Structure formats: C-alpha cells, structure tokens
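Open the model in your viewer and keep the sequence panel beside it. Each stop below tells you what to select and what is there.

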Amino acid sequence: KKRLSYQQKSENAQHSVSKKLLETALAKESNLIASADVITTQELLELAEKVGPHVIALKTHIDIISDFDYQNTIVPLKELAAKHNFLLMEDRKFADIGNTQELQFTSGVFKITDWADFVTSQVIGGFESLDCFNNVGVVAIIGMSSKGTLTTNSYREEALKVALSHPNVIGGVSQNALPEEILLFTPGVNLADSGDGKGQQYNTPDHVFKTLHTDFIIVGRGIYKSENPAEAAVTYKNEGWKAYLASL
Ligand code: UP6
C-alpha cells in the first residue's frame, strides 16, 4: 500500500503549522526532527547551530535547561530557527485540565506560547483541554515508545478520536500507523541501539517509514550523544529521506 506524499499532504493541509512543516520537509529534503535533550543553554544553542541546516524542527524539553533565561536561551534559539529554517517543537506533553494547561502554556518562566511553533500534549484531559493551544499546532500523544506503556489499542483508539476532531491538532506521536489526515511523528528512532536500559525501544528510520508510513522521525541520543552531531544529523536525514522515497 502506498502513502500520500508530502506534496499531497501539503495541498490538503488545514493548519498553517502542518503546511509549514511539510513545505520545510520538501525544501530541505528532510523529515528529521532532532530532540535536543541537553541541559544547558550553551549545549542547546550549539546543537541547534550544528543540526539546524539538516532538520525541519528542533524538539525541546525546555524544563530540563538548568540555566534557562528567556533572553539568553529563547531569543538566540529563535534566531537560529530563522537562520536555518526549522520550527520549534516543545515536547511538554501537557496532561491536565484545560485551565491548568493554559497556565502552563502561557505563564511561568518558559512562556511556551511566545516561542513554540507546536507543542505535544496528552489528550487524557479530553477535547476541551486542547482549546488553549489555538495559536500553535498540537501533536497529540497517541502511543508511546517505551516498554509497558499504557497506551493500549483501546486507549489509542479513543485518543485518536479526540485528536482527529480537534482543529488545533496537526498530528500524533505514535508507534502505530495513523489516518493520513494527521501527521505522524515517531520517536524511538536510532540506527545503533535497540534500547537504552530505561525502557526506551528503538527502531530504524527504514522500519518506521515502511511499516508505519510515518511522516517525521524524532532522534535524540542518536544525534546529540554522537561524536559529531552535524554528521549524525546528515546520516539520519539521508536515511529518513531515502526511506520516505522508498515508501511512496
Ligand atoms: N519521546 C519518546 N517516546 C515517546 C514520546 N516521546 O522517546 O513515546 C521523546 C522523549 C525524548 C525523545 O521524551 O525527548 O522523544 C527520544 O529521545 P532518544 O532518541 O534519545 O531516545
């Protein structure tokens, strides 16, 4: 069975962030999102500079940055995103009632609403919990990559109903195929390892394009822990693009 191309998906896209992601993928011939799970501003900015040219988005866990400071962390990060043409994906995995998520999204020191192009959110709080994200795109957590996850078949089915019905949702994180009207983001991708001894389970880019028809691969340690992150990013970018073309 064939999949829709990025071009076709971009023509069908209902949300400006989906469109931007798909256009960036086509322009850079990349479906790679680097996960910047580093813990200082300097490491974050250095990684963004190195991998920026090769990725369509940089995924952050902004709350692990120990010296976070909006002026010193976010302002230069946004400059790098503009310079290298990538989007900012904050992997906050919101999981609360709408009012609390709205506060977590707009307030505190991180002020995610001011800089993220799109965010991840659980859908466990139900449809209305996602209403607060209407200035960004939401990637719904449908299924997790870790061993023993509670995202069973029936959970995923219900989560998908919420995701598909909400206008803020552009895609889902999953280890299973999703309907083609939303974008599929797949973490748990690594060319060298099959796990991390802490429950993470890895697949290759080839596997996730062939079996899931994923749209975007998310790679963390495969890139930022490598000796040469820029080179590793090129490798994952090329592997991902080759696997995408082969799945058409
Ligand atoms: N992530 C997963 N699995 C999920 C959802 N999210 O691994 O189901 C995120 C992690 C991490 C990245 O929070 O930031 O993707 C994977 O990193 P890794 O490649 O170093 O394992």
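How many of the residues of strand β5 (residues 137-141) are buried? Select the strand: 5 of its 5 residues are buried, so β5 is mostly covered. Here buried means 20 or more other C-beta atoms within 10 Å of a residue's own, exposed means 12 or fewer, and partly exposed lies in between, with C-beta atoms placed from the backbone. Helices (H or I, at least four residues) and strands (E, at least two) are DSSP runs, numbered from the N terminus.

Before moving on, note that this is a predicted model: local features need pLDDT of at least 70, side-chain atom pairs count only at pLDDT 80 or more, and totals for chains, interfaces and linings use all residues. Residues are numbered from 1 along each chain as its sequence is written.

**Stop 1: around β5**

G137, V139 and I141 are on one side. V138 and A140 are on the other. Both faces are covered.

β4 and β5 run parallel, joined by 4 bridges. Two strands count as paired if DSSP finds at least two bridges between them. Pick T120: its bridge partner in β5 is V139.

A140 has G172 as its bridge partner in β6.

Show helix α6 (residues 153-165) too. With β5 and β6, α6 makes a right-handed β-α-β unit. Right-handed means that, with the strands pointing away from the viewer, the path from the first strand over the helix to the second runs clockwise.

**Stop 2**

Select strand β2 (residues 57-60). A57 and K59 on one side are buried, as are L58 and T60 on the other. β2 pairs with β1 in the parallel sense over 4 bridges. I33 stands opposite A57. From β1 the chain crosses through α3 to β2, and this crossover is right-handed.

β2 also pairs with β3, in the parallel sense and over 4 bridges. Find L58 opposite L88 in β3. The chain passes from β2 through helix α4 (residues 70-84) to β3, another β-α-β crossover that is right-handed.

**Stop 2: a residue in α3**

Go to A48, in helix α3 (residues 41-51). Is A48 buried or exposed? A48 is buried, because 25 other C-beta atoms lie within 10 Å. Leaving aside neighbours within four places in sequence, A48 is in contact with A36, L58, L77 and L80. Contact means that the C-beta atoms of two residues, placed from the backbone, lie within 7 Å.

Draw a distance from A48 to S107. These residues are 59 apart along the chain, and their C-alpha atoms are separated by 25 Å.

**Stop 3: the annotated positions**

D91 is in strand β3 (residues 87-94). D91 is buried because 25 other C-beta atoms lie within 10 Å. Beyond neighbours within four places in sequence, D91 is in contact with K59, T60, H61 and T120.

K93 is partly exposed, because 14 other C-beta atoms lie within 10 Å. Not counting residues up to four places away in sequence, K93 touches T120, S121, Q122 and I141.

**Stop 4: the ligand shell**

Show the ligand. How many residues surround the ligand? There are 16, and the closest are M144, S145, P187, G220 and R221.

**Stop 5: two loop residues**

Finish with backbone torsions. E29 is in the loop between α2 (16-28) and β1 (32-36). Phi of E29 is near 50 degrees, a positive value in a residue other than glycine. K111 is in the loop between α5 (98-106) and β4. Phi of K111 is near 45 degrees, also positive.

Methods:
A residue is near a molecule or strand if its C-beta atom, placed from the backbone, lies within 6 Å of it.
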